[in-house]
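Please look at the sequence and structure first.

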Amino acid sequence: MEQHKKPESVQQVLTKEQIHDLLQVLAEKLQQGDYIDTAEFESIKTGSSDNGLQNVFKQLMEQIAQFDSNAALKTIQNIEAQLNVTINPGQKEDIK
Amino acid sequence: MNEKPVILIVDDVPTNVQILANCLKDNYHIKVATDGLRCLELVAATPTPDLILLDIEMPGMDGYEVCQQLKKNPVTQNIPVIFVTANDQEEDEEKGLQLGAVDYITKPIRPSIVVARVNTHITLKLQHDKLTAMATHDQLTGLYNRHYLFISANKKIAKAKRHHEPVSFIMMDIDHFKHINDNYGHPVGDIVLQKVATIIEQQSRSEDVAARFGGEEFVILLDHCSLMDAQFKAEKYRQLIEAERPEQHVVTCSFGVVQMNPEGEAIDSLIKRADLALYQAKENGRNQVVIGE
Ligand SMILES: [Mg+2]
């Protein structure tokens, strides 16, 4: 994995809502077997000011880059528990 | 709705998947499986892949076995498979092609070769899909054609008989269609046909077979549908068509509705009985639904 280093000043902390939305998108893609371009989700790596959470986000992106969908989905569930938000990867509604 | 063709990449080595995905992601919707079982799972889900890039050496089910499974299943057997593999012996390639793969690419992966071959096979696949659609659909209305009705009806009727499920059949005909064509011209006649077809399509369930049977005649084969439900449906079509007024003209239809004999019944017989009921509807003054004997 190459390092996408960004200057500190550009890094932004995401709101809980934004994190929730991003995780929701990722969970759906993982369930459906869609290829995830991790470069498009860089913002999530630095998405939290909480160090512990930031590490979990990094771990998640690593799992996604390794196409380890099951582990990534588990990580999303853990984040969900930590953030106390609800992600519904199981609800594969209309993909059309 | 996915506009881009879908490519499923199956490889147990993440680096290989990344290389393939990187050279294809701009033009294709990419799906990924890192083992054979997941591949079969994704193939069964929508959207169905238009092409599969399949590694051979994988833990568990190998690529050959995956390919065999895909080719055995009528739903997946037409999805082109390209093996992408480190196995570069002649007999490996021969085996792969004998199993039904359309192409065989050896590793190390050269992106430009992969892209060129994928583009070729995707083009062929989409042309094949188009031809299939043309062979089974009516060009003017987009509904199924008569040919497809007969193919699917035999399967549906056999299945319904096995599971003791009701099948109903509606035959309908646009009233005084010749008058419309003669007085307003064929382009207006075509619009009327299309409007009627759209109403039929919109009111149909995905499992229904709605077909243009002849000039201004349409049929709908409804499985899991009782005679009463079919009658209700036909009445709904009748009302919607009457209310539609394509090109400001009042257009009505007459309907014959029958239910398959629970002991089983050939499609020809269903058509004959529905046609008689339809004839009765015309005799009774048109714009109505008649249940057949
Ligand atoms: Mg391998």
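Tyr64(B) is buried in this predicted model, with a relative accessible area of 9%; buried means under 20%, exposed over 50% and partly exposed in between, for a 1.4 Å probe and protein chains only. The model is predicted, so local features need pLDDT of at least 70 and side-chain atom pairs pLDDT 80 or more, while totals for chains, interfaces and linings use all residues. Residues are numbered from 1 along each chain as written, chains are lettered from A and ligands numbered from 1 in written order, and side-chain values use heavy atoms, without hydrogens and water.

**Aromatic rings**
- Over all chains, the structure holds five aromatic pairs (ring centres of Phe, Tyr or the six-membered ring of Trp within 6.5 Å; planes under 30 degrees apart are stacked, over 60 edge-to-face, the rest tilted).
- Tyr64(B) and Phe83(B) are edge-to-face because their ring planes stand at 70 degrees, with centres 5.7 Å apart.
- Tyr64(B) belongs to helix H3 (residues 63-72) and Phe83(B) to strand E4 (residues 81-85), 19 residues apart; helices (H or I, at least four residues) and strands (E, at least two) are DSSP runs numbered from the N terminus.
- Phe83(B) is buried, at 0% relative accessible area.
- Tyr104(B) joins Tyr64(B) and Phe83(B) in a cluster linked by ring pairs.
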